[in-house]
Amino acid sequence: MSTSLALPTMRSCGHTLDEGDEKLGLLTSTHDVLANMELARERMSEDSYLLLRGLLDKDEVLAARRHILEQLAAEGQLDPRAPLMNGIPRPGVQTSFRPELAQKNNPPLQHLLYNPEGRLMRFFSSFLQGDILHFDFTWLRCISPGTNGTPSHCDIVYMGRGTRNLCTAWVPLGETDFNMGGLMILERSHKNDRLRATYGQRDVDQYCSNRSDDTARTATGLNGWLSEDPNHIRQQLGGRWLTAEYNAGDVVVFGMDIVHGGMDNRSDRLRLSSDSRYQLASQPVDERWIGENPPGHGTAGKRGRIC
């Protein structure tokens, strides 16, 4: 059966993804690698992602979801007539990036992602073969219905001051079907040498210290995005856009050089997900994302250079 028949119409950043077997496909579940870390590392080298179905405890995921929704309800963001766990926003509410809801006032999410004895940390300890350090900053998204997805990019331009052997864990905090949208990955784009040698060497927080008119600009001129048109970037780099429907408990682990983005939310519910980062504690770490109050992309995270 062709991809265009097997999959519904997909949208990202307001664009309908090109259909056809050579343009759009499904992420491959790699749950079998949990019993063979050597195989997991081989798959990661080849594909730069692992779709780990059911890695996390579903009850722990839903506890984190409930806590976030309780926070949003207390802010008046949710429709009080709907069941809390449905995550239906009040009419007119728009919300997207909410990292402040993920910090120390969210014990269930912190436990899910960072408990040293938890499933995620134990996976990374085995996968990376050593003691694990995680970023203290957590990227939490509460994407409103009708909101366009995240444009295509690689993580390296945002967090490349430490080791390149850094992994992202994308965790859907609830059932996420095609209509709600989710993570999408551009197949084997991490193997594009030209992309790695150009865009992949940039740092969005660098500025030209010898040019006063450039101090507020990012390295890419577009917040690190490659393109807001996912079809354009696929045509430029080749490969297929790959995505999936996700369940509570699933995790997608991916590397710093793989092109990825987010799909549009065309449901009537908030799409909740988190991004967290993991590396070997023995390797250099990007100072923007660690500590009590990580500076992130703020003023303290900027770095000047002679242009």
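Helices (H or I, at least four residues) and strands (E, at least two) are DSSP runs, numbered from the N terminus. The structure is a predicted model, in which local features need pLDDT of at least 70, side-chain atom pairs count only at pLDDT 80 or more, and totals for chains, interfaces and linings use all residues. Residues are numbered from 1 along each chain as its sequence is written, and side-chain values use heavy atoms, with hydrogens and water left out.

Under these conventions the chain holds eight helices and 14 strands. Its C-alpha trace spans about 55 × 50 × 45 Å along the principal axes. The radius of gyration, taken over C-alpha atoms, is 19 Å, which agrees with the value near 19 Å for a compact globule of 307 residues; the globule rule is 2.2 Å times the number of residues to the power 0.38.

Of the contacts (heavy atoms within 4.5 Å) with a separation of 6 or more, 78% join residues 24 or more positions apart. The chain exposes about 13600 Å², of which carbon and sulfur atoms supply 46%; the areas come from the Shrake-Rupley method with a 1.4 Å probe.

One local site is G238, in the loop between α8 (230-237) and β10 (241-243). G238 is partly exposed because its relative accessible area is 27%.

How values were computed: Buried means under 20% relative accessible area, exposed over 50%, partly exposed in between (1.4 Å probe, protein chains only).
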